[in-house]
Every structure is written in structure tokens, then in C-alpha cells.
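Hello,

Here is the structure I promised to pass on to you. Please have a look at it first, and then read my notes below.

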Amino acid sequence: MNVAYFSPMPPEQSGIADYSALLLPALRERIDVTVVRRGKKTAPRGTDLALYHVGNNPDAHAWIVDALRKRPGVVVLHDFVLHHLVAGMTVGRRDGHGYLDLMEREHGVVGRLLAHGVLDKRIPPLWESRPADFPLPTFVLEHATALIVHSRYVRDHARAAGFAGPIAVVPHPAWHAPDVAPARVGSGTIVGCFGVVNASKRIPELLRATAVVRREHPDLTLLLVGSTSPGFDLERRLQRLGLDDAGLVREGWVDESRLWALMAGSDVLVNLRHPTMGETSGSVVRGLSLGKPVVVSDVGWFSELPGDVALKVPPDDDEVATLTAALELLAGRADVREVMGARAAELAERDHDVEHVADLYVAALETVAGGAAVDDAVLNDVSAAAADVGISAETAEAREIARRLAEVELG
Amino acid sequence: MKIAVCRPQVPFARGGAEIFTDRLVDELRARGHDADLVSVPFKWYPGTRVLTQAFLWRMLDLEEADGQRIDLVVATKFPSYVVRHPEKRVWLVHQFRQAYELDGTELGQFGDSPDDRAIRRKVQALDRVALGEASRLFAISQNVANRVEASTGLTAEVLPHPPQALEYRCENYGDFVLSVNRLDRAKRIDLLIEAAASDGSLEIVIAGDGPDRERLERLARERGLNGRARFTGRIGESELADLYARCLAVYYAPVDEDYGMVPLEAFLSEKPVLTTTDAGGPLEVVSDGSTGLVVTPDVAEIARALGWLREHRDEAATYGRAGKAIATEVTWDRAIGRLLA
């Protein structure tokens, strides 16, 4: 089987590009894969199936969705919330009417009116202010013959959005932790937080919780690694919260080897977010490979992490208090960190092993590529046999046959 | 209890599964159950035939027979376990191996086309549903249980069953090595013929019939084994028991066999078994230097091992007796007790 593979690829700075770079060698050991050059909107000749990696970033994924809309195929849905992508492919291309229509189709007249408000600059862009309330997945789902997703959360939301085709839940593959010397940036417990620094990563809440924990554990260091989102001023946030930068170490965007070294040098990894776009976190998966205990928000994919691997913080009124308790526990109990870390490493090896993930991909692709033809052949065979003995369509007997076919996932 | 034992039937073929299920019905009846065999023809090619033929089982209504409730069904090998029943117990002989470990080998069935790949996945999906419905899932060997777990995530209890009832006995450790098998490529009887060709004093008797017989007989002729290799074809129970009783050892080296009754039959005749490191199920009872010899699937290794047994008949007898102690532990009383518990 030959698969046309649409995805951002390195050197693009994208989590999904990193993901594909990790997955492709294992996939190529199992099936033929033709990676489609960025911007090309048709699948190469001779390919049996097209596989489209879709995320919420229009810069990385708009060309892929253009190709999908020309030729339906299997979609790897990395985010469920696609409002930003949709906006990029409509408003970003001066197609305001397209945006209005899509908002109306999924959210009725209210959606259209809100979209007007956005286009007229009367209200802030919904893809920034309220994307989770208006996820707009249909734009992609209506062209997908099957979905590969990383969480039950996205599967359930896709079903709720009306997607009726096959959905395979395939874990995010894990990188093998490279052999790097851990970079320790403090003497006590180091709490590492990796990724873009912004409000939806709950950085203000993390700063407040860390300040409380440091009263008991003054040698605790909070390490923030990643670029800062435009509009998020870390120093100002600290001032507003009445906090100083004691115990705070800040590094901007770092390359892969520095990232691993800093992560390896951390004792605890924190990866919070609210609202969730239905995404998986490459940072958390890296942390699992390193055998680190993690603290996450109790949302989306993060909620599905086992309780002995991750402490989960609901994004509610008690968020800071819960987060504080979690960090106090992990700062004070090396034995707990050790057990959770061991479980994390086991999880990475068992569920996120790239060979295992590639097997699941191939199973999903093989099921879909010839699945419809096989279903048709089975149905033709069975219905011809039924017709031969006088059982015609729409009879009780035909319905019974159909029911039993469905029971065993045939036809 | 009224019990339906389900097995697919390949017309005009008879092998271990047929012997097993016939015997199971007899043993259930001997314990006072009202047991009967339910059999449906099975053809697994071409194309989607494997799925439509499997689906025939789904259309059966085995909840009642002639107005009387059937309390329990025992399904055995693919696709008999696709049958519906509220008390479906699966005593798994094997899945459709072409969809699993044989895929991509010369024994596989499915090619690289999208349709073939999808059929294979449909068989796997069918297994997940049909085996997942079972109220109890047993496997005839650890090897079969391991395969089920790897392919479906389901855990099967290992429940071996005794071999066919023959008049097992040991008369002597004669000069010939016995092979008992259906003659197909997966049984690797050609390795035994080549081993005999490399050791001029080795005599072999090949019992059984099958599609590979002509090729094997030709190979034996080409290697000049006239008089040292005898093909018996299909033989009766009495003749088989007699061959077991008089042979030096039993050769049994299939590729990743489900379980294999032959080692237990050899053991009940107090004969050691020569098998290979990749034989699968037989390795659960054949231990190197204890109940037989285990070598790599290599002609020279096989010839050397059989030569060693010929030169060490006391050890051969010791291994055979150790095997008998294992084989006599596998009884119908125990098996049926667990099956119906």
C-alpha cells in the first residue's frame, strides 16, 4: 500500500513536524509512504490513500486542508478546535463570506451575527477569545473518510459533531530520550514548564502557586522555557500578582538538545492549559520518556493520563490551591516523584512506543484503504444469497441479516 | 446440560481439530451431557469469501433446538466462534492464522493490495468482536493464548486437552524416527528427509497425507533414500499406535504450531520428541535434555540430534518416560471440569 503523506515537516518549527519526523521511519518500515511537498495540493499518482495531518495553525496546515478538500482521505486530527485554521483559510484569504457561512452552518444565526461582529471589528476575534466555544471542526470532518486521533476526548467530540466514519485512537508516539547531561538550573527541586508562555498555559496560576510553595521550600526553582506569546508580559504579570522573580529561571525558545537537557534536569514537569483545543502535548510525552512526574490540567487528553503518572488540576475556582497542593506534595516527597516517574517511563514504553504507534497507524490505514470495497463485496455476496432464497430488501429477514452483519462489523 | 460443540468443516479434510472436537463430544456424553457437534463448511478464498463464510455462523440460531434450550455452546476454531449464544464458551484451537503471524510469509494468504489488506483487518475486527463476546475464553496452549492477547488484547485461560485415544504403549526403541503429521509445508518434513540424506544410517517413517506429499516423496527419491524413508499415507489408529510403540523417537518440527498433539502422543508411548526452537506450542512440553531435544531448524542440527538419540537409547527412554509423566496429567476429567465450571 502506498500512502500520500501530507504534513508539516522539519525544518518547520511545528510540533506536528517533529511528530512526523519521529513517526515516518517506523511507518516506512511497514508501508510505502510518499511525503507530499509543502504547497502541493494533489496526491502523487499511484498512491492508494491520502493521509492528512491537520492542526489548528493555518500557516502550517492550510495547504493540507486545501488538498483534503480536493481529495478526501484519512485525517490525523491533532486539534479538535480548528477555529484559528478556519479563520486563516477564510478571513485570512479575504473570504469574509466564507467565514460567515461556516459560522452560520455550525452555530446558526447567532454564529453569523458574531462572525459579522468579528469582521466589523466590533468584538475581538473569536479564534483568540472564545475558540473552544466555536470549534468549527466540520470544515475538515466533512472531507475525512476516517480519523486518527490521539485521545478519547477528540474521538467523542468528533462523534458529537456528527462524524460517522471510522475513528482510530492512536497514542502520540514518544521520542527516545537522548543521552544528554541533565542541565540543573537550581539547587533544590526544579519545576520545569516547557512550551509557549501565555495565559492559556495557566502561567499566572503557576506563578501564584509556586510563590506559595516556596514558603515551605525556598530552594524550589520554577523554570519557564519557551517563547512568550505576543500580548503576554511576564514581568508585568509578576508585578500585578505582587510577586518577585526569586526562584524563577527563564529561557526562551531553545533547540532540541537544550530542551532535553533542561527537561532531564527538572524534577517535576508542569503542563497546564485551559481551555484545551483537544491537543496532545509533545512536551508531556517527552517528559514521560524521561520518567518525570507531571502535573497537568484536568482537561481533554491530559485527563486521560493515568493517575499514577500525572497529578491533575481542574481549571476551576480552586485551581491555584489544588496546584499548590500538588507541587507541595512533589517538592516534599522524593519517593512519590520516583514512583510516578517510573510509571511514566513504563507508560511511554508501553503505549507510546513508536513501533507500536506505527502498527496502529497501519491497522487504521489498511482498514480504510480497501474497507469500503470489502464491505461492498461482503454485502453483495450476502444479499445475492438472500435474494436467491427469496429474501428481498426491506423485509424483516433482510433487516435481521443487516443487524447481524453490523454486530460483527461487516458491511 | 445440552451442549453444542461448534467446529468449521473443510470438506474431505480431517486433522487435529476434527479429532479433538469428535472426542470432546464423546467425553461430554460420557459425563451425562446431551452434547452434539454443529459443523458448517468453511472455504476461505478467494477475496472476501473468508468473511462471508465466517458470517454464516452468525446467522445460526443455536439458542434452541427442536423447542429445547441449548444451555451452552463450545466454539473451537475460526470461524465457529462467530456464532451467537448467551453462554458462548470458546476453547480456541486457533484463529485464522493467515490474518496474523502467517501474514507476509509464504504461508500467508493476503497480498499487498488495499483490498487484501482490508480483508485481513476485517478478520481481525471480527475476532475482536466474536472472541470478546465469549463468557469464558480458553486456549488449547499458551502459544495460542499469547497470540490472542497480542492480536485482540483478550486474556485466554490455557486449557490443554488430551490427545486422541490410542492403545499407547512402548515396545522398544527401534531404528526408525517417526513423523506424524498432515503433509504440508508448515510441518517441515523436508528437514527430516534432508537430515536422513546426510546421515546414511538414519531411517524415517512419515505417517500422514496432505498436499505436500508428492513433493516430499520426490525429494526422498532425489536424495536416494529408497528403503530408508517410508511414506505410509493415512493410517488407522492401530497402525499408528504400533509405529509409536516401536520407533526410536518422534520428529515434530512445524513452524509456530498452535499446540500439537503429537508430542503428547509420543510421550504416552514413552518416546522422546525432537523439535525445533521455533516450533511454538510443542515447546510447552518438549524440554531440551528432559523430555526430548530442541534444536535450531537446521538440517545438520537435526541429523546430529537424531544421531545422538540413536547412540544414547537409555537417555532416549529416560526422556520418553519423563514425557509420559507430563502427558498423563492432561486428562479429560480436568479439562471438562474447567470448561464447564
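Let me begin with a pair of strands in chain B. Strand β9 (residues 176–180) and strand β10 (residues 203–207) of chain B run parallel and are joined by five bridges. Within this pair, Leu178(B) has Val205(B) of β10(B) opposite. Strands here are DSSP runs of E with at least two residues, helices are runs of H or I with at least four, and both are numbered from the N terminus; two strands pair if DSSP finds at least two bridges between them.

Before going on, note that this is a predicted model, where local features need pLDDT of at least 70, side-chain atom pairs count only at pLDDT 80 or more, and totals for chains, interfaces and linings use all residues. Residues are numbered from 1 along each chain as its sequence is written, while chains are lettered from A and ligands numbered from 1 in the order in which they are written.

Both strands belong to an open sheet of six strands in chain B, with parallel pairing and the order β11-β10-β9-β12-β13-β14. Its edges are β11 (229–233) and β14 (292–295) of chain B, each pairing on one side only.

Chain B has domain 1 (2–159) and domain 2 (176–327), with bounds from an automatic or database domain assignment. Their centres, taken over C-alpha atoms, are separated by 29 Å. In contact across the two are 11 residues of domain 1 of chain B and 10 residues of domain 2 of chain B, where contact means C-beta atoms, placed from the backbone, within 7 Å. Helix α4 (residues 142–152) of chain B gives the largest share of the domain 1 side, three residues.

Now to chain A. Strand β7 (residues 190–194) of chain A is largely enclosed by the rest of the structure, because five of its five residues are buried (20 or more other C-beta atoms within 10 Å of a residue's own; 12 or fewer is exposed, and in between is partly exposed). Ile190(A), Gly192(A) and Phe194(A) point one way from β7(A), and Val191(A) and Cys193(A) the other way. Five bridges link β7(A) in parallel to strand β8 (residues 221–225) of chain A, with Gly192(A) opposite Leu223(A). On another pairing, β7(A) runs parallel to strand β10 (residues 268–271) of chain A over two bridges, and Val191(A) has Val268(A) as its bridge partner there.

Finally, Trp301(A) counts as buried because it has 22 C-beta neighbours inside 10 Å.

Best wishes
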